[in-house]
Amino acid sequence: MISNLIIWSLFVGLAFTPAPAFSATFKTIRVPLSIAPIVGVPRPDFKDAEVARPENVELYAKATIYDDLTLSTIHDLARILSSSMSSVISNVFVLEERGLLLIDDLAAYNCTKWCLDLQISEIKRVTGKTMENLKGNPDTITVLEMHNLIVQTLEDIYCFNMTVIEQRLNMSSTILLEDQWALFVQEIVKKAVQCRANTFGVSVSEMAELLHTDMATLYGYTLDNLTNTFFPNFVLLQARKNLFETRSLDTAYVVAGLTQAQGVAEAMLSFAGGSSINFNLRDLEILYDWQKPQLFAIENIPLSSYLSQCSVTTSNSLLAVSKLLFGQGATEPTCNVAYVLSRSLNEVEAKFNALTAVEFRNSLYIFITVTNITRWFVMDDILQLVTNEGIWVEIPSVSHVASAASQNTSFIKTCSLPEVIASLKNSNVTGTLGPLLEINNPTFRNLLLTTYGYSYNELISLTKAPLSQLSNLSVVELHTIILGALIERYSISNLSLLLGVPGVVDMHVVSTLPSFEWPRIVIAVVQASFAHAADALSLNLAAGSRIVVTNQADGNPIILVNSSRVYFSQRVNTSTLATCLLGRNETDIYAIPLPEYHTLFRVNIIPIVQRKIIFETTPLENLLAADNLILLQVWNRTVAEVVSQYIGLTVQQLGCLYGWNQVFLEFITEITWGNVSAFRLCSEYEKLALHPICVQLSTAPIVNCFKTIISLSSITYDVRESNGIVVIFVQLVHHQFDDVIQVSLYTSSISATGGTDFQQLTRTVTFQAGETAQKPVTIRILDDKIAENDEQFLVFITSSDSDTKVVTSKATVTILDDDFASLSWKVPENSVPENIGLVTTKLVLNGEIEKNISVGIGVNDLTTSPADYSLLTTAVTFTSSDVSNNKSVQLLITNDQIVEPSESLALTLNATDASVNTTSTVISILDDDNSSKPSSSDNNTGVIIGIVVASVVVLVTAMVILGCFLYRRKLGKENTRDIGNIQNIGNIQNRFIRNVENTRKYIVLKYDMILINKKRKLKRPAAEK
């Protein structure tokens, strides 16, 4: 049927024009046949001349089969239907001759809208009849037969059943006027449109959308409209659909003028809606039943998002590729990436068991769970996100996105993941997302601190910002601070490059990475830090390189290296640092959490760097001096032992750091410093650091450096001034020959004065042949009985013999002063009246001093409180230049006008100098207040009490008088009883007055107690208050 329609649509219906009388060629035939002009209906050839006769042209151009039926004297439908066209022509002629048919009255032929000029070629195609058959050659063809041939053709073209329509309308289609035929046309149009809609499996309304019209327009079509408009548009739609279903994706690139690289950057809609196909989203939705999430993907997701993860053959058709990527109906996408990009969250949750409560998950978590893709720099391209949107997309959950868009969770779950992300972006633009981000910000801030091993206290130290500010920063802002701290802490030059990310990524992008990328940042940080430490350990500090270990503001150590770097020929690499120096696997180190690495760096790596610095830069004599030792005192210890003790490096670590072979390492393990001095290094090598000493040892030959080695036994001597002497020992360390050895010993002042503090001395010390013991030299210490600071002088030994080496030629002697000065009080009067005001005492220094002595002065409350005095002098200082040996100390006594017993306090001394003896003195304060002189407050209180007592007496008297008045009216015995009662009342009154007096006394007593308590409170120490 469709193929017939295609053939039919190639013809354009022509408006009916009466054929010339001389023509017998037929191309169209008017439908319905009953009102077709006779001239246009195929007829036998022998009737051509009659029809073409000039006087008959108008007649046969207007007369119809309907006129033959209705104008005949006998209206016989059967006769008409069984007649041939030649009979109809003859009948019409007769009717005109008889005057029954007036040409001017004919109107049935004049069809205005609903008639159709049917192509005879279509009749021939559908029925198989020839033109001769239609003319009635060789067999006569009746009107009914011609009608049926026309109906058969119409049914084929317009896809309907005439019998069904006749039944619906309760009307025959054989003999009709135009208005009756219009009813048939409307039914035929509906059937034709429905038939074409069924071809695509769509509804009529959807067909109208596909043709960019509406149902009212379609159903209002005539058969000419169907033929000339609907059918061509339908055929074109069918051709476009066929192109979408057959054109390959590769061909689509070419048609669009794109390379493959350019093509994959486009969404599928670019090709479905492109040249010669021109489908929009609604077209695709109607034709292929794609739902909202799939349509969103078709319109917005570039093919590259799919092709990078899904196996797609680009030589397949656009429809075939679409089915693979978006699915269709029961057909699902072929890979998980395609599924999560083109299906709703409801479908995703139902398919993947690992994904539950999807509304409480964030977009990136959903994507990772479905696809197992965990790299941000892969998923950002797939999800069409900017590289700096990672953490921003990760923080809000799906339900938060729904709330920001004023949607409920049920609706958002009908959306795809890309739709959720698009809604998220839109909410960020409108500003509705910000408050919702704050809900999850604290969780991610805490995760940041945990991941990178920082606390808020450390960040406060680094930034000087208060906790209230730091705890309210966005995740990106806090991440930026932490990354900056790490870069400084571990001297990382380019962290973004270490992440191995393609393209240019700056630190801002790194700070916006989602949380699942943070462990990769940690690995990059550890690798960079480890490489920097290895690089620092490879530097030759003696050649100009410089390493400094210092601390950040938060107290964490950092390794700083200068720009002028000179390396040892054998450098320390990261593998050596891990396995040889730390005894760990390098891969394991890179896998540890950053907080653990912080500890490793601080506890293990930093000490190694610090030991290297000391090993290469600190002279040996300085190391020994820190323990008050000289080289002579480690004479019998091996080089390795001293390195281990004073540097902390093992022989194995020395080999790792400097590449020294096992033979040399065993050598320094065995050789003593005495051997080094006598047979290896003849210079004063102790002024060198241990590293250059070892380097020299590695190549030094065995020689006899000196015939004799001599030394002072120590570089320091301490002696108390009262001891009177100090003994200096001179040692003969090494001597090859049996002869006399002499050295000169002499003293020199520093802060101690020769002849005043010690005995000046110059002496020759002699070792006789064969003597090996040390020689004592006694120097007198002069005790001056003056309190002074500790003082020092030097002792030297020298030798004029070039074959004699003096190992320790200088010693410092410290004279520890043990003389005392004492302080005593000189008080004019130890008991003073309270109203004395200022009390001045003297503090007296007993003994000579040659140093400043500062003394703090305090008060020890014995029975006083701070309210009773003010100490005006709190410290004094005695100097050797003072003219007087006493200092004034002033104390101000408070006169409190309170009657109280005498009180005492003690003036005390606090001297930090141990050579000062201190004492205290007691001062008593005698109260001079008079208790017989009440204060104004006491007088006021007495007045108040007097008023209260008088008021009570008046009240009682009034009560007695009232009682007497009531009893006077009674007679006789009753009067006697009244008198007794009055007496009783008087007795009651007397007792009441006595009670009132007792009450007054009680009130006065309570008042006195109040005054006493008040005074006690004034005296109470401040701390107690």
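**Burial, a cavity and disulfides**

Glu791 is buried, its relative accessible area being 12%, where buried means under 20%, exposed means over 50% and partly exposed covers what lies in between, as calculated with a 1.4 Å probe on protein chains only. The model is predicted, so local features need pLDDT of at least 70 and side-chain atom pairs count only at pLDDT 80 or more, whereas totals for chains, interfaces and linings use all residues. Residues are numbered from 1 along each chain as its sequence is written, and side-chain values use heavy atoms, with hydrogens and water left out.

Glu791 belongs to strand S11, which covers residues 791-798; strands (E, at least two residues) and helices (H or I, at least four) are DSSP runs numbered from the N terminus. Leaving aside residues up to four places away in sequence, Glu791 touches Ser751, Ala752 and Asp757 together with Val813, Thr814 and Ile815, a contact being heavy atoms within 4.5 Å.

Ile482 counts as buried because its relative accessibility is 0%. Its contacts, again without residues up to four places away in sequence, are Leu448, Leu449, Tyr452, Tyr454 and Leu459. Ser511 is 29 residues from Ile482 along the chain, and the C-alpha atoms of the two are separated by 9.1 Å.

Rolling a probe the size of a water molecule over the atoms shows where empty space is left. Three cavities of 30 Å³ or more are found when the whole structure is searched, a cavity being a set of points on a 1 Å grid over the protein atoms alone where a 1.4 Å probe fits but cannot get out, with lining residues having an atom within 4 Å of a point. The largest cavity holds about 50 Å³, a volume being the space filled by probe spheres set on the points, which are joined across faces, edges and corners. Its lining is made up of Val31, Pro32, Leu33, His147, Ile150, Val151, Leu154, Ser173 and Trp181, and helix H9 (residues 143-158) gives the most to that lining, with four residues. By class, seven of the lining residues are nonpolar, two are polar and none is charged.

The search of the whole structure also finds four disulfides, each a pair of cysteine sulfur atoms within 2.5 Å. One of them joins Cys159 to Cys195 with an S to S distance of 2.1 Å, and it is right-handed because the torsion about the S-S bond is about 70 degrees. Cys159 lies in the loop between H9 and helix H10 (162-169) while Cys195 lies in helix H11 (residues 178-200), so this pair ties together parts that are 36 residues apart in sequence. Cys195 counts as buried, at 10% relative accessibility.

In another disulfide, the sulfur atoms of Cys310 and Cys335 are 1.7 Å apart. Cys310 is in the loop between helix H20 (303-307) and helix H21 (318-326), and Cys335 is in the loop between H21 and helix H22 (336-342), so the parts tied together are 25 residues apart in sequence. Both Cys310 and Cys335 are buried.

Cys580 and Cys656 are also joined by a disulfide, with S to S 1.3 Å, and this disulfide is left-handed because its S-S torsion is about -55 degrees. Since Cys580 lies in helix H37 (residues 574-581) and Cys656 in helix H42 (residues 651-658), the pair ties together parts that are 76 residues apart in sequence. Cys580, at 25% relative accessibility, counts as partly exposed, whereas Cys656, at 8%, counts as buried.

Key
On a 1 Å grid over the protein atoms alone, a cavity is a set of points where a 1.4 Å probe fits but cannot get out, and a pocket is an open set with protein on both sides within 12 Å along at least five of seven lines; lining residues have an atom within 4 Å of a point. Ala, Val, Leu, Ile, Met, Phe, Trp, Tyr, Cys and Pro count as nonpolar, Asp, Glu, Lys and Arg as charged, and the others, Gly among them, as polar.
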